[in-house]
Amino acid sequence: MKHVLVIYEGAADVASDELEGSTPLQLARSVHATTLVERGVAGCLYWAPEDRITRTEGALATLLGVSPGEAKLLRRGPVEAAGVAKPGATWTYAYRGNFVTTDGPYVRESRVSGLSLDETTWLADAVSASVTDLPVHLAVVAEGRVSVMFEGMVGSIEPGEFPKPGTPVASTGGDQKNDRRRVMAKSAETLVGTSLNEIRVDLGENPANQLWLWAGGPPVSLGTPLGGTGMKTAMVTNSPLARGMATLCGMDLLELGDIWADVSVPEVIDSAVLQKCLARHDLTVVYVEAPLEGGSHGTVVEKVKALDRLDIHVLGRVYELAMNTPDVRVMVAALPPDGTWMEQTPVLLSGSGVAKDSVFRFDEVVCGDGALSRLPAHRCLVRLAGE
């Protein structure tokens, strides 16, 4: 039996007045999700209030079989660092670093949009050259994002908060007793007036004028990843977070591709490559990162369009392979945006040996009436495996 778990970051949501009381999932056409749920069962993953997992890294770990108590302690910084740290590298604390735009005393953009990998590398190298007096290493993880790993930290240590628009820049002043703030202050001094930023401003784009460190923590290991199933597993993703989680879980890694590229048909993983992945692994996890930071898909209207894009170009490919491969089970789960807690989030299960229920839509409301209602989130892999 082959198993596929598709996870949509930030897809679950609450009803919106802008959508006349509906959620984005309720308004998305979701053609392939609808077909799968009509042929299988649906329900809602139950997230216990006592666990209250609000960070995406904790939610992802939970779906991969990590105990909720362990999962909710995870921080994005060390998880992403696990995916890019060189073999044998030693570090004691790691942050996610975002290149942000500051406007006077406040953050204007949480992660500068439109930065290429080459530009991100250039910015990271410039910051690295300015902090050679500190035991710190920067590794690019994606456009506009780096992993910042310290081999030791002096003075007070703080995990750092997400740089949402309006956050005071004064909170990053160059405190000589705080290495996180020293790096951030040095980055601001280094990046102001650089040629890259001057060009961006001339083009009407936001400059990348500071590196913001957040979600920090020490190295982590996971007690019983994948529920101790012993399955041969792979992660297919466009997410630095999921790459790091896959490394911690001992999963093989494949690149999903840029689902959010500004083209009508994005270049995502080839069907033949995905087919080989299914053939070689017992479990294939497809984790799709949202287009914006923290699981955001933009406005609620933009989110409806993004969900249909996911259904067509990602789930459509999985659906096609599942229909042409014997003995396959597919589970689709939607996570809420980072920082949001929902007691229940929609899930569907379809494929070999799955008895059909009466649910006909994949959304937060209708799925609640399905046969999988209130399935504990940390047991989704066990249920996918048929237990």
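Me: Which residues line the second largest pocket?
Reply: In this predicted model, the second largest pocket is lined by Trp260, Ala261, Asp262 and Val263, by Pro291 and Leu292, by His297 and Gly298, and by Glu302, Lys305, Ala306 and Arg309.

Me: And how does that lining divide by class?
Reply: The lining of the second largest pocket has six nonpolar residues, along with two polar and four charged ones, and the space in this pocket comes to about 260 Å³.

Me: OK, what volume does the largest pocket have?
Reply: The largest pocket has a volume of about 750 Å³, and its lining is made up of 27 residues.

Me: Which of those lie nearest its centre?
Reply: Nearest the centre of the largest pocket lie Arg111, Glu143, Arg145, Glu289 and Pro291; Pro291 also belongs to the lining of the second largest pocket.

Me: How many of the residues lining the largest pocket are charged?
Reply: Nine are charged, while eleven are nonpolar and seven are polar.

Me: Switching to cavities, how many of 30 Å³ or more are there?
Reply: The structure holds three cavities of that size, and the largest cavity has a volume of about 70 Å³.

Me: What lines the largest cavity?
Reply: Its lining includes Trp47, a run from Ile53 through Thr54 and Arg55 to Thr56, and then Ala59; Pro336, Pro337, Thr340, Trp341, Met342 and Thr345 line the largest cavity as well. By class, that lining divides into seven nonpolar residues, four polar and one charged.

Conventions: Residues are numbered from 1 along each chain as its sequence is written. This is a predicted model: local features need pLDDT of at least 70, side-chain atom pairs count only at pLDDT 80 or more; totals for chains, interfaces and linings use all residues. Side-chain values use heavy atoms; hydrogens and water are left out. On a 1 Å grid over the protein atoms alone, a cavity is a set of points where a 1.4 Å probe fits but cannot get out, and a pocket is an open set with protein on both sides within 12 Å along at least five of seven lines; lining residues have an atom within 4 Å of a point. Grid points are joined across faces, edges and corners, and a volume is the space filled by probe spheres set on the points. Ala, Val, Leu, Ile, Met, Phe, Trp, Tyr, Cys and Pro count as nonpolar, Asp, Glu, Lys and Arg as charged, and the others, Gly among them, as polar.
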